[in-house]
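This report goes through a few parts of one protein model, one heading at a time. Keep the sequence and the structure in view while reading.

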Amino acid sequence: MVAAKIKYPVGIQSFETIRKDGYLYIDKTPLIYKMITEGIPYFLSRPRRFGKSLLISTLAAVFDGRRELFEAFTTEQGIEQPQLFIATTDWKWEKYPVLRFDFSKDLLGIDELELLIDKTLELYEKQYGIVAEEKNSFLRLDKLVRKAHKDTGKRVVLLVDEYDKMMLHSIGDDEMAKAVKARFKNLFSPLKDLDEHLQLVFITGISKFSQMGVFSTINQLKNISMRDDFATICGITQKELTTAMRSDIESLAGRTGKTYDGTLAELKRMYDGYHFSEALEDIYNPFSLINAFDAGKLDAYWFESATPSALIDMLRQMPPIEIADVDGVVCDSGAFDDAFDSFQAPLPALYQSGYLTIKDYDQEDNLYTLGFPNHEVRTGFAGSLYRYITNTTGGDRDRSALMRAYKLFRRTDDLPDFIESIKTFFASVPYHWEQDNRNEHYYHALLYTLLVAFGADVRAEEPSAKGRSDITLKMPRGIYVMEIKYNDTANAALEQIDRKGYADKYALDGRPITKVGISFSSEERNIADWKISKE
C-alpha cells in the first residue's frame, strides 16, 4: 500500500489539526522544550505569517498534556506523522490551566476589541465557575488566574498572540491608539503581582513590547526576538529545508522541469535571507515556502498576501523614502529600539514588519547592516514604492508595457527600444511628489525603483574610486553603467562616467560594458537625449 502524500498547511495554524490531519510540521519542539524549562515570561517579535500563531498553538498542546499529538502515529488518512523531539524528553505531560488571548483577528474599533476581551475572559470564567461581578478586565483576569491555580493545583499558562495588531493599525489615529493602549494596559497590569501563579507567559507581536507602553508593569519579560539561541524558533532553516523537506524540493523540481540543485537555488533566492540575530543564520519565509510547494511554482506569496495595501499606507505616513536609502543602510542597535508609535523612523517599522532584515553585523563597532532579505521582498517592495511615488493602484498599462520592453531587452540586448519604452512611460506616468522634486533625483529614483520591481540585477550609487554611478544594470549579455543628467547633455553624462572611472570595476567581469548617458529635460519632462559608449 502506497503511503498517503503529506499535505501542506496553507493557512492552518492549529497544531492539533496539522498533526491529526496529516499536514507537514517542521519540528520546533527542541526550542520549545528549551524555553519552557528555562524561564517563565517571554516575548517574541516576528513578521506576519512567520508561524507565531502555530507556535502558540503548539505551546497550548504541550501544556494541555497532549502527548499523543507529539508521538509518532498514522493518521486516519494513512499519513505517517513522525515523533517530535519533546516526546523523547523528560517532560511530565501534566495538564496546566491555559489562558489564550488571540488578537490576530481584524478588529474595526475599540468596541470590537472590548467585546473580544470580554468573550475571552467569559469563556475561561465559565470553565472555572466564576461569575463576573465586575466589568473591569484587570480584576477579572486577576481573579481568573488565582482561581484556575487554586482549582487545578497547577500554575497558569498565559499565551497572548499578536498583541499589537490593532495598535499598529491605529498608528496615525492618536485617539484610537491611546484607547487601544489603555485597554491592554488595564487587561495585563495584574501580571506583575501574579508571578507565583504563573507557569509561563508567552507574548508575540511585531513591534518591540517596551515601546508600546503596554507591558511596562511586567518589564521582567525576557525578549528572545534577537537572541541567537532562539533565532530559528519560527521560519525554516537551510538544514530543515534540505532534510525534512527534501522530498518536497524534489517534487517541485519535477513539476517545474528543473534539477534539485537548481530548484534549491531558486528557493533560496526567492524566500531565504531572513536573519533574526547577530549569528546571521539564514531563515526561509515559511508561508512562501509551503505555498510554493503546495502550488508547484514559485511566486510572491508572502508579499502578495494582503501586504501591498498595508505597505502603501505605511509609506504614506513615513518621510519620503527610496530603496537605496534602506537597502544596505548601516545603523546601531538603537535603531531597533526606536519608538514604533509613529512611522517617522522608517527602519524599525520596516525591520519589524519583515521588509528589511539584518544582512551583516560588525561586532567590534556594534553596527548592523540592514537590507531586503530576498528577491520576493525586494521586488515586491519596489512595486509598492512605485505605486506610492506615482499614486497609482498598480496594473497600469504603461508600467506593464515597460516591463515587457525590459524583458525583451534582457533577451535581445536591444537598448534603443528599451530607452524608447522608458520615454513613453515617463511621458504618461502620474505622480504626486511636489513639482520641484521632478528633477534628476526624481527620474533616477523612479527608474531604479522600476528596474528593481522588474527583478533586474541593478544597483544604485555603486561606489568607485572617484564617486558613485547612478545606476548599474547587470544583464546576461552585458553590463550597463548609467549616468543621469537633468537639463544637461548626454555627452556630459558619458564624460562623467569616464572621468570618474565608474565602469573600471567591471573590467574583469567578462561581459561587454556599455556606458549610457541619459539627459532629462525639465521642459519636455522626459528624456531629451541619450548616448552610449562601449568598452
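How do the residues of the lining of the second largest pocket divide into nonpolar, polar and charged? They divide into eight nonpolar, eight polar and 11 charged. Before going further, note that this is a predicted model.

## The second largest pocket

The second largest pocket holds about 570 Å³ of space. It is lined by 27 residues, and the closest to its centre are Arg-269, His-375, Arg-378, Gly-455 and Ala-456. Several elements give two or more residues to this lining: helix H11 (260–271), strand S12 (367–371), helix H17 (375–390), helix H18 (397–412) and strand S13 (457–463).

## Arg-378

Arg-378, one of the residues closest to the centre of that pocket, belongs to helix H17. Is Arg-378 buried or exposed? Its relative accessible area is 12%, and the limit for buried is under 20%, so Arg-378 counts as buried.

Leaving out residues up to four places away in sequence, Arg-378 touches Asp-327, Phe-372, Tyr-448, Val-452, Ala-456, Val-458 and Arg-459. With Val-458 there is also a polar approach: a polar atom of the Arg-378 side chain lies 3.0 Å from the backbone oxygen of Val-458.

## A five-stranded sheet

Five strands form an open sheet in the order S4-S5-S6-S1-S7, and their pairing is parallel. Strand S4 (98–102) and strand S7 (222–223) are at the edges; each has a single partner strand, so one side of each has no neighbour in the sheet.

Strands S1 and S6 (residues 198–205) run parallel and are joined by five bridges. Which residue of S6 is the bridge partner of Tyr-42? The partner is Phe-202.

## Ser-45 in strand S1

Ser-45 is part of strand S1, which covers residues 41–45. Its relative accessibility is 13%, so Ser-45 counts as buried. Apart from its neighbours within four places in sequence, Ser-45 is in contact with Gly-205, Ile-206, Ser-207 and Ser-225. One of these contacts involves polar atoms: a polar atom of the Ser-45 side chain lies 2.4 Å from the backbone oxygen of Ile-206.

## Two residues with positive phi

Most residues other than glycine have a negative phi. Leu-280 has a positive phi of about 60 degrees, although it is not a glycine. This residue lies in the loop between H11 and strand S9 (283–284). With a relative accessible area of 24%, Leu-280 is partly exposed.

Asn-487 also has a positive phi, near 55 degrees, and is a residue other than glycine. Where does Asn-487 lie? It is in the loop between strand S15 (478–486) and helix H21 (490–499). Asn-487 counts as partly exposed, at 48% relative accessibility.

## Cavities

How many cavities of 30 Å³ or more does a search of the whole structure find? The search finds two. The second largest cavity holds about 30 Å³ of space. Its lining is made of Lys-105, Leu-107, Lys-165, Met-166 and His-169. By class, that lining has two nonpolar, one polar and two charged residues.

Methods: Residues numbered from 1 in each chain as written. Predicted model: local features only at pLDDT ≥ 70, side-chain atom pairs only at ≥ 80, totals over all residues. Heavy atoms only, no water. 1 Å grid on protein atoms, 1.4 Å probe; cavity = no way out; pocket = protein on both sides within 12 Å on 5 of 7 lines; lining within 4 Å. Points joined across faces, edges and corners; volume = space filled by probe spheres on them. Nonpolar A, V, L, I, M, F, W, Y, C, P; charged D, E, K, R; others polar. Helix = DSSP H or I, 4+ residues; strand = E, 2+ residues; numbered from the N terminus. Buried < 20%, exposed > 50% of the residue type's maximum accessible area, 1.4 Å probe, protein only. Polar contact = N/O pair within 3.5 Å; in protein donor to acceptor, adjacent residues only side chain to side chain. Contact = heavy atoms within 4.5 Å. Pairing = 2+ DSSP bridges.
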